[in-house]
Amino acid sequence: MIGVTLPVVEAEYFSLILAGTTDALYEHDLQVVLAPTLHLRDRAATLLARLANGTTDGAVLILPEESSDELRALTRTGYPFVVVDPLEPLDEGVPAVSSANTHGGRAATEHLLLLGHRRIGVITGVPDWLASVERLAGYKAALASTGVVFDPALVAEADWAVEGGEAAGASLLDRPDPPTAIFAFNDNMAVGVLRAARARGRRVPEDLSVVGFDDSEQAWRVTPALTTVRQPLAEMGRMAVSLLVRLLEERQVEGLRIELQTRLIVRDSTDAPRSRAYTPATGRIAVSTRAEHV
């Protein structure tokens, strides 16, 4: 019997991870106890305590609210678990599966730089979440590799939701010197940017390029279809179960930290800025991830 905690079930991001998790558990003939935490820390701690207190034999914790210290303490009890998409940096002894957020953030930014954009706005999710920190690090690394100076004024914070992305996008587009491109740290917020651009008569991609992250279903359903960074969400769930099964069977585990590759998916929401053609001054930028044109 395996416990699975996650903030909510209905959001596509979590449902895809859950689908991969439950499929893999079924293949191993393991049963599931599902425990939504609703992003409430006290509820999460209570549910996890119940799961670890004899109710289940192990757990998959998706974006857990518990701190690294709390999770490290749980490992010392001998209760086997694996974290998927950690909220904060974890102690090396805590098993975890995540996607290559820094790599994906750099790939998205390099794509825009190659098109000729130099004023590239970013919309982070909750700023102290690990995914936001790592994607922002990738953005900064791409700028630095091209000699573009990082401008804190081009960074806006939001809450991962469409409405938050719309408000953050509006704040960037209403600047006296607005960006020619915006990289939103998930597809929800990128859709919000499309709304903000449309409300201001800005055409995408003619007047503004937009990039998201996740490659959710809405990324290809919106118009224009979003260029985005694909996360292997279902595979993250499957990999977590694979690691958990090895822990349950007390088999040799070579590494407790697994990072799965992200991939740039190029669609219709990005193009060269209209103001000038791109003529690289120091040669082409090396793109660090494989891109697909869909």
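Which element gives the most to the lining of the largest pocket? The legends below open with that pocket. The model is predicted, so that local features need pLDDT of at least 70 and side-chain atom pairs count only at pLDDT 80 or more, whereas totals for chains, interfaces and linings use all residues. Residues are numbered from 1 along each chain as its sequence is written, and side-chain values use heavy atoms, with hydrogens and water left out.

**View 1. The largest pocket and its lining.** The largest pocket has a volume of about 510 Å³, where a pocket is an open set of points on a 1 Å grid over the protein atoms alone, with protein on both sides within 12 Å along at least five of seven lines, and where lining residues have an atom within 4 Å of a point. Of the 26 residues that line this pocket, Y13, F14, W160, N186 and N188 are the closest to its centre. Two or more lining residues come from each of α1 (12–27), α5 (130–146) and α7 (187–199), and α1 gives the most, with 4 residues. Helices (H or I, at least four residues) and strands (E, at least two) are DSSP runs numbered from the N terminus. By class, the lining has 14 nonpolar, 6 polar and 6 charged residues, with Ala, Val, Leu, Ile, Met, Phe, Trp, Tyr, Cys and Pro counted as nonpolar, Asp, Glu, Lys and Arg as charged, and the others, Gly among them, as polar.

**View 2. The second largest pocket.** This pocket has a volume of about 220 Å³, a volume being the space filled by probe spheres set on grid points that are joined across faces, edges and corners. Its lining includes R72, T75, Y79, F81, L247 and E250, and α3 (68–76) and α9 (233–248) each supply at least two of the lining residues. By class, 7 nonpolar, 3 polar and 2 charged residues make up the lining.

**View 3. The largest cavity.** About 40 Å³ of space lies in the largest cavity, a cavity being a set of points where a 1.4 Å probe fits but cannot get out. The residues that line this cavity are T5, T37, A44, L48, L61, P64, E65 and E66, which by class are 4 nonpolar, 2 polar and 2 charged residues.

**View 4. Helix α6 against helix α7.** Helix α6 (residues 162–173) and α7 pack at an angle of about 50°, with their axes 7 Å apart; axes are lines fitted to C-alpha atoms over the stretch in contact, and angles run from 0 to 180 degrees between N-to-C directions. The two helices are therefore oblique to each other, given that angles under 35 degrees count as roughly parallel, over 145 as roughly antiparallel, 65 to 115 as roughly perpendicular and the rest as oblique. By class, the contact has 8 nonpolar, 4 polar and 3 charged residues.

**View 5. Two cis peptide bonds.** A cis peptide bond with omega of about 10° joins V204 and P205, and P205 is placed in the loop between α7 and β9 (209–211). The peptide bond from T223 to P224 is also cis, with omega near -5°, and P224 is placed in the loop between α8 (217–221) and β10 (228–230).
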